[in-house]
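Visitor: Hi! Could you walk me through this one?
Guide: Happy to, let's have a look.

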Amino acid sequence: MADLLRNGDAEDVAVKLGAFEQQALIHDFSTSASARFNATLNSLSKWLVAALFGIIFLWRHDAEALWAASGSVLNSGLSTVLKRILNQERPVSTIRSDPGMPSSHAQSIFYTVTFCIVSMVEYFGLNGITAVISALIFGIGSYLSWLRVSQQFHTSSQVTVGAALGFSFSIFWFWLWDAIVLDAFISHLWVRIVVVLGTAAICASFLLYVIRYWVLEEINLYY
């Protein structure tokens, strides 16, 4: 009888150990899958934001959308200038050697988030549906920005400052359009020419930048 009890206890211990090992494997697999998903989403975030901005731009296809496009490029340029001035290291300098303050990803993301929310409210008004969609867009933008911290490309302060700058610059750029540029754009042909040609030149320069640094960078990662 004692031998049977000992054998039963041994079997129970073996079953529990097997269950623990299985749970540990499942946990490791889910953690690994989550880490891979976050890393992939982080690497695609700039393309997702650019695609979202392009969709809103094509949907609106008006003078204010042109103005927003030029502001997007200038917002990115502002981030580059501030990085060189502040010259603050990233949390892990071996990943990227350039300065990290402010986060250019977070700055571009929140410029685009603000542009999307303002465009939606201008067209459809502020109601329950637009409020929910705006909150969803804000949440997605916050998550994409947080990935820069979780992947150790930036500190939380670098991302926070970048997000605040992107939001603030977007608000300022739209205020500049409504308060000053819009009336001049409607009244004077030369202002329309300057805005259209200036936006075209700025966007063409940004396209060259994307090809040189985004596309070629992705190619170099695989070859």
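Guide: Let's start with a pocket: α1 (2-60), α3 (104-124) and α4 (128-150) each supply at least two residues of the lining of the second largest pocket. Helices here are DSSP runs of H or I with at least four residues, numbered from the N terminus. Keep in mind that this is a predicted model, where local features need pLDDT of at least 70 and side-chain atom pairs count only at pLDDT 80 or more, while totals for chains, interfaces and linings use all residues. Residues are numbered from 1 along each chain as its sequence is written, and side-chain values use heavy atoms, with hydrogens and water left out.

Visitor: How much space lies in that second largest pocket?
Guide: About 320 Å³. A pocket is an open set of points on a 1 Å grid over the protein atoms alone, where a 1.4 Å probe fits, with protein on both sides within 12 Å along at least five of seven lines. Its volume is the space filled by probe spheres set on the points.

Visitor: And which residues lie nearest its centre?
Guide: L52, I56, C116, I137 and I140, out of 17 lining residues, where lining means having an atom within 4 Å of a point. By class, the lining has 15 nonpolar, two polar and no charged residues. Nonpolar covers Ala, Val, Leu, Ile, Met, Phe, Trp, Tyr, Cys and Pro, charged covers Asp, Glu, Lys and Arg, and the others, Gly among them, are polar.

Visitor: Switching to packing, at what angle do α3 and α4 cross?
Guide: Roughly 175°, with axes that come within 9 Å. That makes α3 roughly antiparallel to α4. Axes are lines fitted to C-alpha atoms over the stretch in contact, with angles running from 0 to 180 degrees between N-to-C directions; over 145 counts as roughly antiparallel, under 35 as roughly parallel, 65 to 115 as roughly perpendicular and the rest as oblique.

Visitor: What about α3 and α5?
Guide: They pack at about 40°, axes 7 Å apart, and are therefore oblique to each other. The contact divides into 13 nonpolar, five polar and no charged residues.

Visitor: How do α2 and α5 cross?
Guide: The axes of α2 (residues 63-86) and α5 (residues 156-187) come within 10 Å and cross at roughly 140°, so these two are oblique as well.

Visitor: Which residues of α2 meet α5 there?
Guide: Among them are W67, L74 and L78, and the α5 side includes F169, W173 and W177; contact means heavy atoms within 4.5 Å.
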